[in-house]
Amino acid sequence: MSRQQKPALSFWQIWNMCFGFLGIQFGFALQNANVSRIFQTLGADLDQIPMLWVAAPLTGLIVQPIIGYYSDRTWTRLGRRRPYFFFGAVAATLALLFMPNSPTLWIAAGLLWLLDASLNVSMEPFRAYVGDQLPPPQRPTGYAMQSFFIGVSSVIASLLPWMLTRLGVENTAVPGEIPHTVKYAFYFGGVMMLGAVSWTVFSTREYPPEQLKNFDDAGVVRERPLDVARSRRDGAVWLGAGVVGLLSIYMLQWDRQLYLLAGGIGVYGAALLVLSASRSSNMFTAIMTDVHHMPEAMRRLAVVQFFSWFALFAMWIYTTAAVTQMHFGTTDVQSAAYNEGANWVGVLFAAYSGFSALAAIVIPFMVRLWGLRVSHLINVWLGAAGLVSFVAIRDPQWLLVAMIGIGFAWASILSLPYALLSDNLPAEKMGVYMGIFNFFIVIPQLLAASVLGFLLRTFMGGEPVYALVIGGASLFLAGIAVLRVQPKVSLPFITDQWPGNEQKNV
């Protein structure tokens, strides 16, 4: 049967379908720039912050593949992906309204979990949505458009506490209270979140599943039996490594944050053993099978994502502590100097987000000149230089220069790996594979939360600025790894289909 060519969309159609990312990233930007500040204000020690942040990536690890699995099988009056955009946005809005009013640290940590879960419910289908709606030649433009909206919203969100301070809103509070600048920023973020996502939901349409199958970029799906012996063997190795790690940490009294790393290894091994013993088909076995037999291009991109997101998480966790301690000379969270430094971190995050919006305009031209892989290498190496420069720059104003490189890296990380990946995925599994791809965003974040504090205390005198240097080295490795990713394969793409993975209406 001959297949149709997927129609190209106009600029404004792509604009509308990506506009919801303006709201989603508003939530992420407020979270990234202010959550460490909220935790410290509510009494968290610097050593506790990485573990408190664990809720965010761990939630994404669980939520995104589940949402991808179900969104691949959904068709409603709102479409395939759009119901998830909308209801995730409603829940995230509620979390944004309540989080800055948290009376205790544990409530703030719980609300971070709710916020991140809701943002992930909205975000994962957006990645698959671009692959669904755009033909391959337009996908780099679509993902770059998402990066543009991410940059614009991050500028506004990150700058809000600083701007509110300039407008006379109180930037300090009594011990245990969140300043009004942060509270009002979160309230505004809730409005932006719901409004922007609603725009995309109600101004766009989706192709029905049967129509998607008939496009020439849909890929071909065939069945292939699960390699049970390999799954059992790999599961035993991973589970054994996790158990040995847990016992070593306990007996040698290593840092307790390392339990997270060893526990994660063991859980993955146990999941593979359950998969090898399973005789039924369900969501768990379908997702784990797809993880075990992911496409080769995705495996190589996983390495790129690992080093990229390890660096980003190091930056998000430790920039506030590094700048307030090294550039503003204080660790007292109640002091005016600390809160001024924390606001400046918001400005810096806004700056790299602004540069990323500009980079999103430049990146398509870079791709035409040098291709996807070389363009990504250049951009992440610019980010590596920016992070390493924190240790040499003493004037906080000059840190704005470092943000140029970080902005280009951020825009590239949010677009080019997805453009490389989506061309190698079948339409019927776009959602679940995009969700699985999120593993390689989450796993390095969990690793960062587990080992960065240990490394800083053990080898670097507890100086948080060196976490940024480690992040720079990680981005350098990401640039090397992207050269191993093969160019786009020719469609139709052959992948695996397992019993229970068939398209269903829900």
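These legends walk through a few views of one predicted model. Local features need pLDDT of at least 70 and side-chain atom pairs pLDDT 80 or more, while totals for chains, interfaces and linings use all residues. Numbering runs from 1 along each chain as its sequence is written, and side-chain values use heavy atoms, leaving out hydrogens and water.

**View 1. The whole chain, for orientation.** The protein chain has 19 helices and two strands, taken as DSSP runs (H or I, at least four residues, for helices; E, at least two, for strands). Its C-alpha trace spans about 70 × 55 × 45 Å along the principal axes. Of the 506 residues, 59% are buried, meaning under 20% relative accessible area with a 1.4 Å probe and protein chains only; over 50% is exposed and in between is partly exposed.

View 2. Phe148 and Phe149 sit edge-to-face, 5.6 Å centre to centre with 65 degrees between the planes. Phe149 is buried at 2%, whereas Phe148 is partly exposed at 23%. Ring pairs also put both into a cluster with Phe11, Trp12, Trp15, Phe19 and Trp199.

**View 3. Trp238 and Tyr268, helix to helix.** With ring centres 5.3 Å apart and planes at 85 degrees, Trp238 and Tyr268 make an edge-to-face pair. Trp238 belongs to helix α10 (residues 228-252) and Tyr268 to helix α11 (residues 258-277), so the pair ties together parts 30 residues apart in sequence. Trp238 is partly exposed at 38% relative accessibility, and Tyr268 is partly exposed at 28%.

Terms used: Rings of Phe, Tyr and Trp (its six-membered ring) pair if their centres lie within 6.5 Å; planes under 30 degrees apart count as stacked, over 60 as edge-to-face and the rest as tilted.
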